[in-house]
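Please open the model in your viewer and keep the sequence panel beside it. The stops below can be selected one after another.

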Amino acid sequence: MWKQFLGKISRKSPKSGGGGGSPPAKSPSSRGAAYGAEAELSATSAFPAPSGAETREDVFLRKLNVCCVVFDFAAERGRDSPEVERKRQVLVSLVDCVSAAEEPLTEAMLSACVRMFAVNLFRVFPPKLRSGASATTDEDEPFFDPSWYHLQVVYELLLRFVMSPVVDVKVARKYMDNSFISRLLDLFDSDDPRERECLKTVLHRIYGKFMGNRPFIRKAVSNIFYRFVFETDHHNGIAELLGVFGSVISGFAKPLKEEHKLFLWKALIPLHKTKTVGVYFPQLTYCITQFIEKEPKLTGTVIRGLLKYWPVTNSQKEMMFLGELEEVLELTEMADFQKCAVPLFRRIAQCLNSSHFQVAERALFLWNNEHLFGLISQNRQVILPIIYPALERNARWHWSQSVLNVTMNVRKMFFDMDERLLLACQTNFQEEEKKRAASEERRRLVWEHLERNAAFHPVTGDIGFAVPPTSAPLVAPTMT
């Protein structure tokens, strides 16, 4: 295979008389002066015919050195430069080489590969000039990195490198260390969705193969979530990171470690707090449900977290919370449901009376869930007294006819379930309404009395405030 590879190089590359040594490595700082290095790329990319003393390692390293030249695609010449196309061809040949390799890569080859990945991929993104509100309006116009012409092949090579059986994990970990992974995670904030999707696949493969780095990856991702929720309120790659951790959580062993439970409570649940939760909400819900499937007792923790971050003025977000709540309650057992039933249905009662008809309808549709309906019916003595006032107010005063119809259906369900309890709740509601009406009437009379007194004794001139004299504190006589 390597003979064919070397023969392909000799056929593609024109012969040159003086190209002997490999070029010095390009550092990340040379990114801005990429076109100053085009002469070096031209000289080194034209490989001489492999001599008898030249090994596959020498050719491989030379091609990696060629790929360490980074071009500025924002410049005027851009992709029109022949050196740009030549580098892409070399990258494609490296992808084919790693994919078809049968012999293990040497340590020098592994080191050079990691260095080439770092030079091409790790870069500083421009500062975020858009706030969260404007970012959501520009969602339909994603940014596409002009350097993707090279980055795409570099990511493909990185993926093949991680997945290749000829890469010794123990040796590769010396170079793909925590620092490398940390900088790789920083790339998830890229504005280019294509790059984030590639990073998602690469991170998943690294987590699966480099088992020694798993604790660090979990901690680093938690820190990204902390900064996003409590500091920056903006990050482009939350959905992709949650997508990776959805499969990671499904692989956790039972019973769950305390570290994993803390990750749920301190990292995942606070993600409900942000304004842009809709961008990554499906992935977040999947992670939450995976935790509950692993350990159903975590249901109470999740419901308390949802109630803590429940939206008050955002109706669309409130509907998303109701949808996630239904998925969580489908996995809830009776004992855990009873512990959180009272605060949960107080919140649901408020949703039932929402002036936004979609929120009210979504809350009423919870009764269509068979599992949840069974939980409610077995705990109706506690739940119906909380819910009935909201149902009665909807039946009397809600403006939406569709909400009114669904409300009457839910009342009929409770009537068929326990007629005596429903009538008792109706009697209590009527008594409470009478008390409330009497209290409002007393308040109205008091205000009328104050207004009449104010009319008979109008205030004129300067308003003075009489301060009652205070008695001086008793002080013991001093001896002189």
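This is a predicted model: local features need pLDDT of at least 70, side-chain atom pairs count only at pLDDT 80 or more; totals for chains, interfaces and linings use all residues.

Residues are numbered from 1 along each chain as its sequence is written, and side-chain values use heavy atoms, with hydrogens and water left out.

**Stop 1: helix 9**

Select residues 178-186, which form helix 9; helices here are DSSP runs (H or I, at least four residues), numbered from the N terminus. Show the side chains of Phe180, Ile181, Leu184 and Leu185, which are buried, that is, under 20% relative accessible area with a 1.4 Å probe and protein chains only. They cover an arc of only 135 degrees around the axis, which puts them on the same side of helix 9; the arc is that of the directions from the helix axis to the C-beta atoms.

**Stop 2: helix 10 and helix 12**

Keep helix 10 (residues 193-209) and helix 12 (residues 238-250), whose axes come within 9 Å and cross at roughly 30 degrees. Axes are lines fitted to C-alpha atoms, for helices over the stretch in contact, and angles run from 0 to 180 degrees between N-to-C directions. Helix 10 and helix 12 are therefore roughly parallel to each other (angles under 35 degrees count as roughly parallel, over 145 as roughly antiparallel). The contact (heavy atoms within 4.5 Å) is made by Arg196, Lys200, Leu203, His204 and Tyr207 of helix 10 and by Glu240, Leu241, Gly243, Val244, Ser247 and Val248 of helix 12.

**Stop 3: helix 16 and helix 17**

Move on to helix 16 (residues 315-330) and helix 17 (residues 334-352), which pack at an angle of about 155 degrees with their axes 13 Å apart. That angle makes helix 16 roughly antiparallel to helix 17. On the helix 16 side, display Glu318, Leu322, Leu325 and Leu329, which meet Phe337, Leu344, Ile348 and Cys351 in helix 17.

**Stop 4: Met417**

Finally, select Met417, found in helix 21 (residues 401-417). Which residues does Met417 touch, not counting residues up to four places away in sequence? They are Phe373, Ser377 and Arg380. For a distance check, pick Gln378 as well: Met417 and Gln378 are 39 residues apart in sequence and 9.9 Å apart in space, C-alpha to C-alpha.

Technical notes: Helices (H or I, at least four residues) and strands (E, at least two) are DSSP runs, numbered from the N terminus. Angles under 35 degrees count as roughly parallel, over 145 as roughly antiparallel, 65 to 115 as roughly perpendicular and the rest as oblique. Buried means under 20% relative accessible area, exposed over 50%, partly exposed in between (1.4 Å probe, protein chains only).
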